Amino acid sequence: MDRFLFFCIFAIIEYFFTSFFINCINIVNYDYISVNYTSFRFSISKDSPTGLNIIIKIFSPAIYIVILSGILYCLNLNYLVTHIYIVTIIYYIIKWIISSIVLNRALLIDWKSEIICFFIACFFSWFIYSIFISKTTQIFISIEELRDGIWLGIITFFLGIIIKSIYNYAHLNYDKEKEKIRKYIIKKYKKFQMKYSNIVKTKNKKIKLLTYSIMIYENYNRPIVIRVFENIKFFITGQASLGIMQVTTQKFITNKESVKMGYKIIKDNYFSIRKKMKLENKLKKVIFMYNKTNKYVEEVLYIYHLLENENK
């Protein structure tokens, strides 16, 4: 039981390390270079490579337990290395719980792909543990073990061929992904409409759909758990973006109050723009005035058009 508790702690640490690593990839991939990694976007394109996504899901848990085992051996905590491949199983369970329950994104998960990656990652972690980790107490290479590197090089060569094939040819199923996204957006729209229809009261369909589109996107980026931490931050610093509409304020506000304030901002901005402007450009400008990033405009606009098509 004592070892299992440590395994849970190791898995939680792995989750945060992996999340940080993926976040770095997203930043680099979006702003600097292009790699075969697809980060989630509502406005996903048809040609979306997922090779790096799969490689990270399958191989990073094994790499993590190898490094972790090396550290534990150095600290003379050998007993914690026994059956350390279990950390991979716990890591996946934690990842699924956070994604589906805490972040409420179960509809957006490709469960078939996740389950396949889970079994392969668990098998690979167990295999590495069985043939390597459990056979030695010195993970980090020494001069005497250099000869083993020759065999490792051979294995790496063939493994590299497999990884390259996955990296270059694995792609997201566009139609399935779009359908998952559509169901997620419609479900959130109906939920928020039932909850906040007494606030978002307007006969202007465009303002109404735009308000809910921003609400859906903000809620995705800042689910309820994250908003709890933002509330804590507010009580410490005296200023934060609060509520489901992520309104910057110097006084504490509830979700409903944030909807009132966000709705007013959207409505005022919409009517402040000259009437002769094309509708699409007008919508883009209103969204940009709410959050001044191009990606934000693109994502919210996609949600808006989907809701518009669903409500014809």
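Q: What is the handedness of the crossing where α7 passes α10?
A: α7 passes α10 in a right-handed crossing, meaning that the near helix is turned clockwise from the far one by less than a right angle, with anticlockwise for left-handed. This is a predicted model, where local features need pLDDT of at least 70 and side-chain atom pairs count only at pLDDT 80 or more, while totals for chains, interfaces and linings use all residues. Residues are numbered from 1 along each chain as its sequence is written, and side-chain values use heavy atoms, leaving out hydrogens and water.

Q: Which residues of α7 and α10 make the contact?
A: From α7, Lys206, Leu210, Ile214 and Glu218; from α10, Leu279, Leu283, Val286, Ile287 and Tyr290. Contact means heavy atoms within 4.5 Å. These residues divide into 7 nonpolar, no polar and 2 charged. Ala, Val, Leu, Ile, Met, Phe, Trp, Tyr, Cys and Pro count as nonpolar, Asp, Glu, Lys and Arg as charged, and the others, Gly among them, as polar.

Q: And at what angle do the axes of α7 and α10 cross?
A: Roughly 45°, with the axes of α7 (residues 205-221) and α10 (residues 279-290) coming within 12 Å. That makes α7 oblique to α10. Angles under 35 degrees count as roughly parallel, over 145 as roughly antiparallel, 65 to 115 as roughly perpendicular and the rest as oblique. Axes are lines fitted to C-alpha atoms, for helices over the stretch in contact, and angles run from 0 to 180 degrees between N-to-C directions.

Q: What about α6 and α11, how do they cross?
A: Their axes come within 11 Å and cross at roughly 75°, which makes α6 roughly perpendicular to α11. Lys178, Ile181, Arg182, Ile185, Ile186 and Tyr189 of α6 meet Tyr302, Ile303, Leu306, Leu307 and Glu310 of α11. That contact has 8 nonpolar, no polar and 3 charged residues.

Q: Core next. Which residues touch the most other members of the largest nonpolar core?
A: Ile185 and Met245, in a core of 45 residues. A nonpolar core is a set of buried Ala, Val, Leu, Ile, Met, Phe, Trp, Tyr and Cys residues joined through side-chain atoms within 4.5 Å. Buried means under 20% relative accessible area, exposed over 50% and partly exposed in between (1.4 Å probe, protein chains only).

Q: Which element supplies the largest share of this core?
A: α7, with 9 residues.

Q: What does Met245 contact, leaving aside neighbours within four places in sequence?
A: Its partners include Thr211, Ile214, Met215 and Glu218, and also Tyr263, Ile266 and Tyr290.

Q: Switching to the loop between α2 and α3. Where does Asn76 sit, and is it buried or exposed?
A: Asn76 is in that loop and counts as exposed, at 66% relative accessibility. Its phi is near 60°, positive in a residue other than glycine.

Q: And what is the phi of His83?
A: Also positive, near 60°. His83 lies in the loop between α2 and α3 and is partly exposed, with 34% relative accessible area.

Q: Last one. How many helices and strands does the chain have?
A: 11 helices and 2 strands. Helices (H or I, at least four residues) and strands (E, at least two) are DSSP runs, numbered from the N terminus. Of the chain's 312 residues, 42% count as buried.
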